[in-house]
Number of protein chains: 2
Amino acid sequence: MNLSPHHPRFLSLKTRDDLVKAVASGLVAPQGLIAQGRGEAFDYLIGERTMPTASIATLAAVALLLEAKSPVISVNGNAAALAGKEIVNLASTVSASIEVNLFHRTLDREKLIARHLKNFGAKEILGVGSAASKTIGGISSPRAKVDPNGIGKADVVLIPLEDGDRAQALENQGKRVIAIDLNPMSRTSQVASVTIVDNLVRAIPALIESSRKMKKLPQSQLEKYISSFNNERNLANAIEQIVQYLQGWIKN
Amino acid sequence: MNLSPHHPRFLSLKTRDDLVKAVASGLVAPQGLIAQGRGEAFDYLIGERTMPTASIATLAAVALLLEAKSPVISVNGNAAALAGKEIVNLASTVSASIEVNLFHRTLDREKLIARHLKNFGAKEILGVGSAASKTIGGISSPRAKVDPNGIGKADVVLIPLEDGDRAQALENQGKRVIAIDLNPMSRTSQVASVTIVDNLVRAIPALIESSRKMKKLPQSQLEKYISSFNNERNLANAIEQIVQYLQGWIKN
């Protein structure tokens, strides 16, 4: 790209260029760029930093992951492109499986994402091609197809960059959904058990760090993190922080 | 796209698909999809409807366009794809020139956009290739290049979907900038003379409608619309409306 490093938004433009390249290589669907834009807008509204409410949600999320019998991290193209290495690291830290689950599903992209994650050390990637043989009701997109050995039998599913449709369907199946979503008002955010309102590229490293510390905690303490967490209240606090940011722009 | 019309966001997803096709045809740069996503997020925050503050800005914008000696509408790929027909219609109504001005500039895309607009009846499209021979200072992107017969000599420039860099540079040159931008806090919004905080696909038809009515007004009345308009106050009102929307989400 013919862009001067003196442009005031150089870094942000650089990240965009990287994602555009991931589209060219087939890792990210073109629609993934639109999702990135939506995320950018909300990230801007939270000051492009991790809010205290996100840190609180991260602790509850880690407790859920560590307590889970069959935790699964669901990955799409954007998640793989933006935080592939970190997702593999997190999965290993909390002993979770990784499953590819795409809204704009093609076998080529599924394989590409699996290879991308394996390059970062992942041993097995679930949900590729015919492995996604189970159908979850209530989802009117190709995301309904899941791996019976992954999301199909999972009790906790971490879904970064999600659509509300599926988050609701998974919760309806009795699974606990952990969402990473920059929009605290999205259906995904509202229906998840734990919503981390933060940018994926900050949220996953924070999850890894907390997982390492909390692994040593007794079960009773992990359960306290879960029982004391109120997602509705936490989301309201996140919205309140955005309101405060916006009010700073209103000069009287 | 393999998507059920029962999906709760079917229409929004359909629009996204149309823009993805415009990328495939070369009309829109891939980065344009990211811009679309940012717009979507802010559109969501204003309730996906034209706010009263946008209607007030539209009146001031039309007065500026009708009063101008050499008004120019600057067009990029997204604007052409989303509202090409309406932009040609508006240009004809207010006797403005149309100039192609791209952030991700290629001669192919410039020609494609020009042809696209000519299909809708535009007679001349400025700024294509070597016609953009003048350089405007203070812009560290290919957008610095403008047509001496268009933006180069314009007194009023309508810039839908803009970057703040150029909006500032044009204002510094003594040109009055009319911005259409869904983010009331963006640099573009903040530095423009008149900012319409609205979705392009709603804003351009509203500009056409008001232009038709206001064309009959005497100059003194047009000048009143301009002198009574305060962009800073109007933007603060737009932000205030977003705050009210957000507060509706906070359940106590």
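Predicted model: local features only at pLDDT ≥ 70, side-chain atom pairs only at ≥ 80, totals over all residues.
A word on conventions: residues are numbered from 1 along each chain as its sequence is written, and chains are lettered from A in the order in which they are written. Local features need pLDDT of at least 70 and side-chain atom pairs count only at pLDDT 80 or more, while totals for chains, interfaces and linings use all residues, and side-chain values use heavy atoms, with hydrogens and water left out.

Let's start with confidence. For the complex, the predictor gives an ipTM of 0.87 and a pTM of 0.90.

Now the interface. Chain A brings 46 residues to the contact and chain B brings 46 residues, where contact means heavy atoms within 4.5 Å. About 3800 Å² is buried between the two chains, with carbon and sulfur atoms giving 72% of that area; buried area is the accessible area (1.4 Å probe) that two parts lose on being put together, summed over both. On the chain A side, I34(A), M185(A) and L246(A) supply 15% of what chain A buries against chain B, more than any other three residues.

How many salt bridges are there between chain A and chain B? The count is 2, taking a salt bridge as a side-chain nitrogen of Lys or Arg within 4 Å of a carboxyl oxygen of Asp or Glu. R38(B) forms a salt bridge with E40(A), and their closest N and O atoms are 2.8 Å apart.

On to the rings. Searching the whole structure gives 4 aromatic pairs over all chains; rings of Phe, Tyr and Trp (its six-membered ring) pair if their centres lie within 6.5 Å, and planes under 30 degrees apart count as stacked, over 60 as edge-to-face and the rest as tilted. Y44(A) and Y245(A) are an edge-to-face pair, 6.2 Å centre to centre with 80° between the planes. Y44(A) sits in helix α2 (residues 30–45) of chain A and Y245(A) in helix α10 (residues 231–247) of chain A, so this pair ties together parts 201 residues apart in sequence. Helices here are DSSP runs (H or I, at least four residues), numbered from the N terminus.

In chain B, Y44(B) and Y245(B) also form an edge-to-face pair, at 6.2 Å and 80°. Finally, ring pairs link F42(A), Y44(B) and Y245(B) into a cluster.

Conventions: Helix = DSSP H or I, 4+ residues; strand = E, 2+ residues; numbered from the N terminus.
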